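Please look over the sequence and the structure before reading on.

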Amino acid sequence: MLMSLSPTSCTNASVIQPASSALQVSQTLCCYCTAVGDDLVGVQMTLRRPRTSVSLEYCTTRAVPSLSQSEYLATVGKGLLPGIDILWTGPKVISNEISVEHVEEVGQVLRRPPLLWDNLHANDYDRRRLFLGPYHGRPTDIASKVRGVLSNPNCEFEANFVPLFTLSQWRLLADAYDPMDLDKDEMKLDDVELLIDLFHLPYGHGPKATAMLRQFDWLRSNAFCLQTKNEQRSNEWLQKAEDFRSMESIVSNLFRHLCSSANRSLVYDLYAHVSDLRSTIVLLRASCRSCLLPGHHSPGPSPSRCSPFDLTCSQTTTF
């Protein structure tokens, strides 16, 4: 299994050693790539010289007209020698899930197992976000169906311990791998668990972050209860507001613990993200407190409108 690191913020190979050692136990080859984007641009420009309309097809959504009918992929698969690997990112550029069936279909089209370039934890397209969640959405059975896995992680190198550690566990434990089971190592610390939940994966939040979103959405949607004479409903709202205040305190403690960490590289990589998140939660709590002010008018919930905090909406909310 091949695993490649391409963080833009790291230029010294000695910094990579801690993450590399975590992968050696799973017989994972760890290599470091720099200027990957520049190299690909150079290759792309070369390929485009004969036909300026050609675009690279490296996932299903980029295949024209489809994966099975793409002339581009069929030509590449037929023309390249069998020993040359072909990069593939999955159904999408950033794939939520990659199934065995999908990998097998790609292998048939390319006439070889694809080399998976996995952008699950990549954040170079939005540097305001971090993805600290575990390697997820890829059944361990695909390991035998691909030439290898290239992990394209967060640009902030220190933020990649959990993504890379769980990638090695995915390879080592096979069917026994559980992406949510972090109880066997030091990552069970409350601060780290909360950090992973708040900055989880591109297509979903962790359980604690989800609970915070649902709690605030309930408070915002039911603030009208404070204007009624129903004491039971008013007390329920006040109790949930107190619970949300406790959540704010937990995040504030996380921020303080991060700032006092001896790992200053980790602090520098995560500070802006955690600081922005803390400020956002402080504003949300202030919004809740404003509901208690005299004369505050809170309209009832509108069932016809999709709440920005409704996790069932088609667009995932970034906390």
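The axes of packed helices are lines fitted to C-alpha atoms over the stretch in contact, and the angles between them run from 0 to 180 degrees between N-to-C directions. On that basis, α6 and α7 pack at an angle of about 65 degrees, with their axes 6 Å apart. From α6, the contact takes Asp 190, Glu 193, Leu 194, Asp 197 and Leu 198, and from α7 it takes Pro 207, Lys 208, Ala 209 and Met 212. By class, the residues of this contact of α6 with α7 are five nonpolar, no polar and four charged.

The model is predicted.

**The chain as a whole**

The chain has 319 residues, and 44% of them count as buried. Its secondary structure consists of nine helices and five strands. Read from the N terminus on, the order of the elements is β-α-β-α-α-β-α-β-β-α-α-α-α-α. Among contacts between residues at least 6 apart in sequence, 72% join residues at least 24 apart.

**Cores**

The largest nonpolar core has 30 residues, and Leu 198 and Phe 199 are those with the most contacts inside it. Two or more residues of this core come from each of α6 (190-198), α7 (207-221), α8 (231-259) and α9 (264-290). Of these, α8 gives the most, with eight residues.

Which residues does Leu 198 touch, not counting residues up to four places away in sequence? They are Ala 209, Met 212, Val 251, Leu 254 and Leu 277. Another core lies apart from the largest one and has 14 residues, including Leu 120, Tyr 135, Ala 143 and Val 149.

Helix α6 has Leu 194, Leu 195, Ile 196, Asp 197 and Leu 198 as its buried residues. The elements that cover these buried residues of α6 include α5, α7, α8 and α9.

**Helix packing**

Two packed helices are described by the angle between their axes and the distance between the axes.

| Helix pair | Angle between axes | Distance between axes |
|---|---|---|
| α6 and α7 | about 65 degrees | 6 Å |
| α7 and α9 | about 25 degrees | 10 Å |
| α8 and α9 | about 160 degrees | 9 Å |

For α8 and α9, the angle is about 160 degrees. Angles over 145 degrees count as roughly antiparallel, so α8 is roughly antiparallel to α9. The crossing in which α8 passes α9 is left-handed. The contact of α8 with α9 is made up of 15 nonpolar, two polar and five charged residues.

For α7 and α9, the angle is about 25 degrees. Angles under 35 degrees count as roughly parallel, so α7 is roughly parallel to α9. Here too the crossing is described by its hand: α7 passes α9 in a left-handed crossing. On the α7 side are Met 212, Phe 216 and Leu 219, which meet Ile 281, Leu 284, Ser 287 and Cys 288 in α9. The residues of this contact of α7 with α9 fall into six nonpolar, one polar and no charged.

Pro 153 sits in the loop between β5 (148-151) and α5 (161-173). Is Pro 153 buried or exposed? Its relative accessible area is 3%, and buried means under 20%, so Pro 153 is buried. Pro 153 and Ala 122 are 31 residues apart along the chain, while their C-alpha atoms are separated by 4.6 Å.

Gln 169 belongs to helix α5. With a relative accessible area of 18%, Gln 169 is under the 20% limit and therefore counts as buried. Leaving out residues up to four places away in sequence, Gln 169 touches Ala 174 and Tyr 177.

Glu 97 is placed in the loop between β3 (87-88) and α4 (100-110). Its relative accessible area is 55%, and exposed means over 50%, so Glu 97 is exposed. Apart from its neighbours within four places in sequence, Glu 97 is in contact with Pro 91, Gly 137 and Arg 138. The C-alpha atoms of Glu 97 and Gly 137 are separated by 4.4 Å, with the two residues 40 apart along the chain.

Definitions and conventions:
Residues are numbered from 1 along each chain as its sequence is written. This is a predicted model: local features need pLDDT of at least 70, side-chain atom pairs count only at pLDDT 80 or more; totals for chains, interfaces and linings use all residues. Side-chain values use heavy atoms; hydrogens and water are left out. A nonpolar core is a set of buried Ala, Val, Leu, Ile, Met, Phe, Trp, Tyr and Cys residues joined through side-chain atoms within 4.5 Å. Buried means under 20% relative accessible area, exposed over 50%, partly exposed in between (1.4 Å probe, protein chains only). Helices (H or I, at least four residues) and strands (E, at least two) are DSSP runs, numbered from the N terminus. Contact means heavy atoms within 4.5 Å. Angles under 35 degrees count as roughly parallel, over 145 as roughly antiparallel, 65 to 115 as roughly perpendicular and the rest as oblique. A crossing is left-handed if the near helix is turned anticlockwise from the far one by less than a right angle, and right-handed if clockwise. Ala, Val, Leu, Ile, Met, Phe, Trp, Tyr, Cys and Pro count as nonpolar, Asp, Glu, Lys and Arg as charged, and the others, Gly among them, as polar.
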